[in-house]
Amino acid sequence: NMLKAKRPYDAMIMSSPITAQCSPHKIQSLESSSSKRQRAYEVTQAQMQQESPFQSCPPPLEEVEQFVLQTRQRASSPSSERRFTTKEVRDIVSRALEERDSALRGEFTKILHDKLREQYESFAKFNQDCVSRQLKESDFSYMS
């Protein structure tokens with residue numbers, strides 16, 4: 001008897017003066033996965049740029065592509081400029097990469113040594129404080 005007096009669910013929804021609000025879960029489901037990926041990519045790129053101590057190094061792939069395009073343009077237009085062979089280009093690029101690699105390794109080594117020095121100094125100070133505190137709290141006096 002009591003169940004027959006209740007309104008069906010659909011009737012309640014239709015007659016309800018309050019409109020349903022979007023929950024965060026509904027908003028996330030409406031967003032496409034490609035836009036989520038794009039936003040995640042942008043966030044990680046921004047974090048990488050902020051955190052990297054090697055911000056000054058340009059992406060080498062773009063430089064190589066630019067060099068190849070310039071070389072093709074020079075090859076197609078007749079001029080008095082020197083033209084490089086494939087072997088010479090490989091040698092130039094490999095030398096440039098070796099120089100950049102050694103510079104980055106040197107910079108990384110310097111940063112690493114600085115961090116290790118700071119860590120050691122912090123540990124030595126903590127150890128000295130701990131030992132001096134234990135000696136002050138000790139009841140045994142070796143000095144008479």
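This briefing describes the fold, confidence, surface and salt bridges of a predicted protein model.

The model is predicted, and local features are reported at a pLDDT of at least 70, side-chain atom pairs count only at pLDDT 80 or more, and totals for chains, interfaces and linings use all residues. Residues are numbered from 1 along each chain as its sequence is written, and side-chain values use heavy atoms, with hydrogens and water left out. The protein chain has six helices and zero strands, where helices (H or I, at least four residues) and strands (E, at least two) are DSSP runs numbered from the N terminus.

**Fold and confidence**

- Read from the N terminus, the elements of the protein chain follow the order α-α-α-α-α-α.
- The average pLDDT of the protein chain is 75, and 56% of the residues score at least 70, pLDDT being the predictor's confidence in each residue on a scale from 0 to 100.
- Among the elements, helix α3 (residues 24-30) has the lowest mean pLDDT, at 54, whereas α6 has the highest, at 94.
- Where pLDDT is low, the predicted coordinates should not be read in detail.

**Surface and burial**

- Of the 144 residues in the protein chain, 1% are buried, a class that means under 20% relative accessible area, with exposed meaning over 50% and partly exposed lying in between (1.4 Å probe, protein chains only).
- The accessible surface of the protein chain is about 14,000 Å², and 58% of this belongs to carbon and sulfur atoms; accessible areas come from the Shrake-Rupley method with a 1.4 Å probe, and for residues only the protein chains shown count as cover.
- A nonpolar surface patch is formed by Phe 108, Leu 112 and Leu 116, which together have about 280 Å² of accessible area.
- Patches are made of residues with over 30% relative accessible area and no salt bridge, like charges being joined within 9 Å and nonpolar side chains (Val, Leu, Ile, Met, Phe, Trp, Tyr) within 5 Å.
- Leu 116 lies in helix α6 (residues 86-137), and Leu 116 counts as partly exposed because its relative accessibility is 44%.

- The structure holds six salt bridges, each defined as a side-chain nitrogen of Lys or Arg within 4 Å of a carboxyl oxygen of Asp or Glu.
- Lys 110, Asp 114, Arg 117 and Glu 121 are linked in a network of salt bridges.
- Arg 117 is partly exposed at 42% relative accessibility, as are Asp 114 at 27% and Glu 121 at 44%.
- The side chains of Lys 125 and Asp 129 meet in a further salt bridge at 3.6 Å, N to O, and these two residues of helix α6 are four residues apart, about one turn of the helix.
- Lys 125 is exposed, with a relative accessible area of 52%, whereas Asp 129 counts as partly exposed at 33%.

**Helix α5 and Val 93**

- Glu 63 is placed in helix α5 (residues 60-76) and counts as partly exposed because its relative accessibility is 43%.
- Glu 63 and Val 93 are 30 residues apart along the chain, and their C-alpha atoms are separated by 9.9 Å.
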